[in-house]
Amino acid sequence: MIQQKITPCLWVEKDAKSVAEYYLSIFKDGKLKDYRLFTNMPKDGNMDDLSGEFDTAVMELAGVEFSILAAGPLFKFNEAISLVVNCKDQAEVDYFWEALTANGGEEGPCGWCKDKYGLSWQVVPTEYFDLIHNSNPSIREKALMNTFKQTKLVLSELK
């Protein structure tokens, strides 16, 4: 039963279940809600060739449901969309940063990174938002200027 009004769908090249298991290994409170393999599908849109297949998975991460569609290399992730991980402290920032950039992921500027599938993430301590929205201009400016000097956000250097 669908509970969310909007569910992000992640298109990956292959193996929706492995992709879901990867994210579930990082977000420990998540769960795999569904997995389906569809066979005898039109290959490359050709209704005369029913040898194609694709698979889907539904997972829940931090209370948010995501669909995964593994249907070939037609589409790739880019930075036009990213997922923000709001972290309670620096230890949590460090955990998610390391987990998401491991095994082929990559660091980016200002708290942005990509995981091994190329999905963009922003790993941010929640206190960061208090700093950049602070009523004191010197606190705001220091936090913003130091953001541009960092890859992984280090809260102590933003204060």
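Reply: What follows describes the sheet and then sets it in the context of the chain.

The model is predicted, and within it four strands form an open sheet in the order β1-β4-β3-β2, with mixed pairing. The edges are taken by β1 (9–12) and β2 (31–41), and because each of these has a single partner strand, one side of each is left without a neighbour in the sheet. From one strand to the next, the twist averages 15°.

Between β3 (residues 52–61) and β4 (residues 64–70) the pairing is antiparallel, and the two strands are joined by seven bridges; as a point of reference along this pair, V58 stands opposite S67 in β4. Across the sheet lies helix α1 (residues 16–26), which is placed over β1, β2, β3 and β4 and runs at about 20° to β3.

The C-alpha atoms fill a box of roughly 65 × 30 × 30 Å along the principal axes, and of the 159 residues in the protein chain 36% are buried. When contacts between residues at least 6 apart in sequence are considered, 57% of them join residues at least 24 apart. The accessible surface of the protein chain comes to about 9,700 Å², with 54% of that area belonging to carbon and sulfur atoms, while the side chains include 17 positive and 24 negative ones, the centres of the two sets lying 3 Å apart.

How values were computed
Residues are numbered from 1 along each chain as its sequence is written. This is a predicted model: local features need pLDDT of at least 70, side-chain atom pairs count only at pLDDT 80 or more; totals for chains, interfaces and linings use all residues. Side-chain values use heavy atoms; hydrogens and water are left out. Two strands pair if DSSP finds at least two bridges between them. Axes are lines fitted to C-alpha atoms, for helices over the stretch in contact, and angles run from 0 to 180 degrees between N-to-C directions. Contact means heavy atoms within 4.5 Å. Buried means under 20% relative accessible area, exposed over 50%, partly exposed in between (1.4 Å probe, protein chains only). Accessible areas come from the Shrake-Rupley method with a 1.4 Å probe; for residues, only the protein chains shown count as cover. Lys and Arg count as positive and Asp and Glu as negative; His and the chain ends are not counted. The place of a charge is taken as NZ of Lys, CZ of Arg, CG of Asp or CD of Glu.
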